Amino acid sequence: MTPEFDELQTALIGGNHVRTAEMTQSFVTSGATPQDILEKGLLPAMQVVGRRFRDGEVFLPEVLVAARAMKSAMAVLEPLLAAAKYQSKGKVVLGTVKGDVHDIGKNLVGVMLRGAGFEVVDIGTGCAAEKFVDAVRKHQPHVLGLSALLTTTMTYMKTVIDTLRSSGMDVPVIVGGAPVNAEFAQQIGAAGTARTAGDAVELVHRLIPQA
Amino acid sequence: MQLAMSGGRPDRTPFMCQMSIGHMLQQLNVAAADFWCDPRVFADGLVRLQRQYGFDGILVSLHGHDPEWRQNIRERFPTDGGESIRWNDGSVTFFPLDDLPHHTPVSEPEPREIDPSLIPKEIDYIPVSQGLHFHVHPKHAFDILHRVRSLAGSDVAIHAEVTSPFDYFLDWLGHERGLMVLIDDPLTASLMLKKFAAGVAVIADGMCREDIDAIKISSPFAGAGFLSRSHYEEFILPHERTVVEAIQRTGIPAYLHTCGAIGDRLDLMKRTGARGLECLDPPPIGSTDLEEAFRILGGSMFVKGNVDPVNTLLLASDAQMREDVCRRIALGKKYGRFILSTACSIAPHVPKEKILMMRSIVEQDQPRKRTIFGKKAVHRHDT
């Protein structure tokens, strides 16, 4: 991590969203570029959170408050990054498949991906295959993520992938959820699966080589 | 079952799984809305499935059915994959043929204030799943337990179920917001949990007046997939202990059901004082090695579960399944206080033959002698 951003990073990792936003604004005011604040300050801090989560050093509440702090900082930076035509590491569309209303896992993956510098479009829960097709057409993501908690709904992931392929879309699809494993992912033609949200970030990194 | 729960030596390994609503619907061929809402259909279905599978007990996972529920229906109509009901208040519930209902309220509820004083003293709902509540009719709160006992007789253990204070807390505030409040305002979170614990204890106390053999405390968000050990100790343990004490002071055993990864916190779960633990999901779904769990618990709690409902029951070959089940029965016999069961619920599309195979493995191991359950049992209060 970069020493000049130590305090900002401590605030973010500790989940202090008020302090994180204040310090981000302070860096902007003092002339730091938004890219530097993001890439040298905020993203490395979120990587620390992600690593600690993966290693079982922190848990969901700590990740959620850190993500909220990240969001508060991004509220300051986003207009500046947009003005500077800043490119994210890549775009990921996420959704829970039809028949399934559970979103905790999907949301957590979204949190971790945003924290790692990806743009995330969350299309919600109970999504039919056509909704995923429409979202891919509209947002042109680098990766599409499908979530399912239930053994009854995980089978619908194959329907989504088949519908995408028959629509001529070759976007890599990753799948996740409690009952999903690598064998199942391979069987339905997914590009991969991950047991944890941190693993999902690594998987997306592998699927977007330039990220 | 009672002997396994209390530390005695049963004539054979007791066998009792909890079933997902989807699995029950798949097996029973009844209208999903009727099964969910109608106390007669629900009780009859539970007993039919207990007999189909030869379970030694029945988990009654819902309570408080309104016998006049049909009066609340404005419209009932078929929909893709099931049927829907539009209620008199305008809300709609979709009842799939293989899953829990999905409820759509007339309007999305406003986020609640983080204020313990807003939590009602009497809890009249079960927070079944995200966005799905089961309303508890105050005049019929525990009728279902009586109905199931009447149908099942005294050869079968009847287990009731309450939901943990932490579930109510997360449902009240929303999951993500609730989890953040643990860090933002731990004192208020604890006060809210205390109020929910008092409310759940009242429900549990009411159940204990019925002819039941145990109460399961459902607590799916207390594992390592969500909380640290220290948060477990601060926000789960004291409040589940309150509920456990309310149950066990009546002589009825309580057990904790926490799915997912709990291998790192078995010692803390033991400190709730509960008589038993359910689930103990093995890897990859959870983190519990059964033999290690027996060693940590040291014979102080009964264990119900550990058969992977997805990778063993749904996906594995018959030979692999037999090996998994036999290994657990052998460990159960070695350490005692074991009830053979799926870790979490039997998934909807698990073929019934798989469950029947589990039963035949148990019976081949040792045939069962007759046991009396409920208020007719002579040794309940010795447990």
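Which residues in α12(B) meet which residues in α13(B)? The structure examined here is a predicted model, in which local features need pLDDT of at least 70, side-chain atom pairs count only at pLDDT 80 or more, and totals for chains, interfaces and linings use all residues. Residues are numbered from 1 along each chain as its sequence is written, chains are lettered from A and ligands numbered from 1 in the order in which they are written, and side-chain values use heavy atoms, with hydrogens and water left out.

To take the opening question, B:D318, B:M321, B:R322, B:V325, B:C326, B:I329 and B:K333 of α12(B) meet B:K354, B:M357, B:M358, B:I361, B:V362, B:Q364 and B:D365 of α13(B); contact means heavy atoms within 4.5 Å. Helices (H or I, at least four residues) and strands (E, at least two) are DSSP runs, numbered from the N terminus. Helix α12 (residues 318-335) and helix α13 (residues 352-365) of chain B have axes that come within 10 Å and cross at roughly 45°. Axes are lines fitted to C-alpha atoms, for helices over the stretch in contact, and angles run from 0 to 180 degrees between N-to-C directions. The two helices, α12(B) and α13(B), are therefore oblique to each other; angles under 35 degrees count as roughly parallel, over 145 as roughly antiparallel, 65 to 115 as roughly perpendicular and the rest as oblique.

Turning to chain A, an open sheet of 5 parallel strands runs in the order β2-β1-β3-β4-β5. Its edge strands, β2 (119-122) and β5 (192-193) of chain A, each pair on one side only; two strands pair if DSSP finds at least two bridges between them. Strand β1 (residues 91-96) of chain A is joined to β2(A) by 4 bridges in the parallel sense, and A:V93 stands opposite A:V121 in β2(A). Helix α5 (residues 104-115) of chain A packs on the sheet, where it touches β1, β2 and β3 (143-147) of chain A, and its direction makes about 170° with that of β1(A).

Within helix α5 of chain A lies A:N107, which counts as buried at 17% relative accessibility. Buried means under 20% relative accessible area, exposed over 50%, and partly exposed in between (1.4 Å probe, protein chains only). Leaving aside neighbours within four places in sequence, A:N107 is in contact with A:D122 and B:E176.

Another buried residue is A:A129, with a relative accessible area of 1%, placed in helix α6 (residues 129-139) of chain A. The C-alpha atoms of A:A129 and A:I161 are 8.0 Å apart, although 32 residues separate them along the chain.
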